[in-house]
There are 2 protein chains.
Amino acid sequence: MSELYAARRTRLRDRVAGAGSAGALISRPANVRYLTGCAPPGAALLLGPAEDLLLCGSPLSGDPSEGRPAEDVRVEVLPTRGGDPVVAGADLAEKAGAELLAVEEHHLTVTRHRALSQVAPRLRLTDLACAVEAQRLVKDDDEIACLRIAAEIADQALGELLESILVGRTERHLALELERRLVDHGADGPAFPTSVATGPNAGRPGHLPTDRRVEEGDFLSVGLGANYRGYRCEIGRTFVIGTTPSDWQIELYDLVFAAQRAGREALAPGVECREVDRVTRHVLDAAGYGERLGPWTGHGVGLEIDEDPQLSPAAMGKLDACVPVTVEPGVHIPGRGGVRIDDTLVVRPEADGGPELLTITTKELLAL
Amino acid sequence: MSELYAARRTRLRDRVAGAGSAGALISRPANVRYLTGCAPPGAALLLGPAEDLLLCGSPLSGDPSEGRPAEDVRVEVLPTRGGDPVVAGADLAEKAGAELLAVEEHHLTVTRHRALSQVAPRLRLTDLACAVEAQRLVKDDDEIACLRIAAEIADQALGELLESILVGRTERHLALELERRLVDHGADGPAFPTSVATGPNAGRPGHLPTDRRVEEGDFLSVGLGANYRGYRCEIGRTFVIGTTPSDWQIELYDLVFAAQRAGREALAPGVECREVDRVTRHVLDAAGYGERLGPWTGHGVGLEIDEDPQLSPAAMGKLDACVPVTVEPGVHIPGRGGVRIDDTLVVRPEADGGPELLTITTKELLAL
């Protein structure tokens with residue numbers, strides 16, 4: 001594993017050197033973890049022309065969910081209590097004679113950036129922009145293996161919930177039970193706050209669980225994901241509670257299912273991100289639900305639950321092989337409820353069998 | 001309640017006007033909630049000379065944990081998909097003829113700040129700095145009432161855990177059970193990730209639960225808190241598993257208890273924050289544990305779990321009445337474990353009975 005992280009840092013170092021900087025200071029936690037294997041709270045990676053230094057505000061906790069630093073990364077714990085590792089990094093870079101240092105302006109606040117300039121007045125700060133995020137876009141085999149396990153864990157947790165009695169239980173309880181099951185099956189934790197939405201809440205994107213209890217005849221929509229070694233997947237399903245779904249429920253479900261399938265089937269290397277969004281959206285738009293849709297219908301996943309690429313009307317760029325994305329259209333009708341269906345898939349060329357579905361729980365409309 | 005939020009905004013508006021700005025743009029979520037009653041993800045408050053506008057990227061979800069906007073706050077949902085409410089706020093301020101706008105430079109990233117300048121090139125941006133945080137320092141009766149309920153919930157959840165069988169259960173399971181109980185008792189959720197640490201992990205600050213199981217003879221340290229209507233409290237206790245604590249456990253416990261009591265007893269209006277830290281730290285320092293202490297021994301709580309004031313050696317400023325703080329010294333001995341004791345208290349003058357202890361679970365060393 002150590003070579004993997006070293007290779008990632010070498011790639012970034014080459015890029016930084018190509019842009020004229022001798023070093024870079026990485027502060028966004030997911031980027032620090034991607035490059036070192038570990039991201040203690042507030043840590044910063046000083047990527048020097050020679051040595052790489054992980055600056056930490058306090059000793060490593062050893063918690064597995066924090067990751068472990070690659071062997072060849074030197075870890076330095078700041079001696080000053082409460083010091084900012086990013087500021088310490090700028091100070092070190094200046095003392096090492098660097099003239100130009102690339103920093104993550106999309107992560108540093110204005111105040112923190114100013115503190116860097118103050119501690120290292122001779123250092124010229126440039127913008128690294130989203131160079132590390134761009135590097136994280138296409139996943140390697142190890143990363144996809146982690147995502148695959150994360151998806152398996154989420155499928156197991158969801159499968160077990162479906163076997164239990166649901167009527168009368170609150171959204172909050174179901175969400176907590178799902179999170180417990182994720183951990184039971186080996187997750188470091190939930191990938192994001194688990195969403196359980198019943199009745200009129202069903203289908204609302206990112207709905208946070210309330211005390212509403214599951215009732216007969218409800219739509220029940222669930223969104224969850226596991227965090228496995230830092231990698232986060234996402235699955236969303238909608239069910240009906242009781243014996244038979246009513247007509248409007250079947251119609252709405254079939255429609256969202258058709259939209260989600262269209263999106264999944266559009267995934268291929270070389271396809272424009274906005275094209276995947278368009279075909280997904282089009283199905284719902286044609287049925288008159290266009291106005292109810294959110295700003296995107298899917299997004300990348302990895303060390304963060306919401307990363308590039310975005311599948312949205314304004315998205316730039318094309319899909320690549322080995323990019324994991326969600327496809328997650330949904331419709332919510334105020335007062336009645338709605339449907340969301342969400343999968344995590346890895347983009348693969350046709351020759352490799354097309355998109356790889358990681359979250360394999362059935363998408364039939366189950367009546368529970 | 002609406003008047004309360006209006007009064008807070010008026011106070012801020014006066015301050016901003018006094019500094020020469022016609023308006024302010026508030027983006028830090030806890031600050032937005034403090035001033036409007038509600039903080040949808042990514043929302044921004046444009047505090048104008050006359051009207052106040054809450055700019056949201058998507059419609060309000062209605063989730064109780066998000067809060068509800070005060071009646072006199074006008075809510076505007078951005079029509080543009082995926083637009084940034086902060087950028088929209090700067091645009092609106094410029095169009096309304098403002099020349100100077102105060103923004104939260106400690107919250108805005110360099111990239112976002114630049115986007116503001118680009119959309120509103122004639123607007124001069126100044127730094128609001130931590131004006132809202134300063135206003136949030138002293139809590140009113142409603143805020144303290146919320147904290148009191150949050151503490152009660154945490155006490156109940158912890159009390160129930162102590163009545164159950166602990167040996168053989170993992171840290172992760174105990175943490176999840178505590179979080180479920182918090183929600184059972186009316187919390188909107190945990191105030192921060194619940195920490196359960198057994199054996200050699202016990203006493204480690206912010207330890208994240210692992211799969212280690214509780215064993216006879218372990219120290220067990222637990223840190224948890226409830227989020228009630230946005231207000232967050234904190235409690236930490238350490239127990240011994242089995243019939244009789246061993247001598248080193250009793251000694252270490254008594255020491256940390258003495259330190260924590262010293263800190264609690266030092267709380268009074270007008271006392272320097274660093275003095276509270278000093279008396280707490282001194283007890284542990286004198287026993288040779290000074291090097292093992294973290295950068296602070298307590299901090300403010302409120303809409304965020306870690307807010308001003310900080311109780312640390314370098315802290316500036318004095319305590320005021322009605323400021324809620326934690327007092328939470330701890331010692332961790334690598335390989336053996338340790339002790340943390342953490343309470344949330346409200347600073348009160350002697351005449352009112354001295355500091356008000358919100359988290360009332362016993363601090364005797366219980367053998368469970």
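Mentor: The discussion below sets values from the model against the definitions behind the terms.
The model is predicted: local features need pLDDT of at least 70 and side-chain atom pairs pLDDT 80 or more, whereas totals for chains, interfaces and linings use all residues. Residues are numbered from 1 along each chain as its sequence is written, chains are lettered from A and ligands numbered from 1 in the order in which they are written, and side-chain values use heavy atoms, with hydrogens and water left out.

Trainee: Why is the pair A:Glu105 and B:Arg114 called a salt bridge?
Mentor: The term requires a side-chain nitrogen of Lys or Arg within 4 Å of a carboxyl oxygen of Asp or Glu. The closest N and O atoms of A:Glu105 and B:Arg114 are 2.2 Å apart, so the pair qualifies.

Trainee: Why is B:Thr210 called buried?
Mentor: Buried means under 20% relative accessible area, exposed over 50%, and partly exposed in between (1.4 Å probe, protein chains only). B:Thr210 has 12% relative accessibility and therefore counts as buried. Its neighbours, leaving out residues up to four places away in sequence, include A:Asp63 and A:Pro64 of the other chain, as well as B:Thr170 and B:Asn201.

Trainee: Is B:Cys322 buried or exposed?
Mentor: B:Cys322 is buried, because its relative accessible area is 18%. Its phi is near 70 degrees, a positive value in a residue other than glycine.

Trainee: Why is A:Ala129 called partly exposed?
Mentor: A:Ala129 has a relative accessible area of 34%, so partly exposed is the term that applies. Phi of A:Ala129 is also positive, near 50 degrees.

Trainee: Where are the cis peptide bonds?
Mentor: One joins A:Asp308 and A:Pro309, with omega about -5 degrees. Another joins B:Asp308 and B:Pro309, also with omega about -5 degrees. A:Pro309 is in strand E14 (residues 307-311) of chain A, where helices (H or I, at least four residues) and strands (E, at least two) are DSSP runs, numbered from the N terminus.

Note on methods:
Contact means heavy atoms within 4.5 Å.
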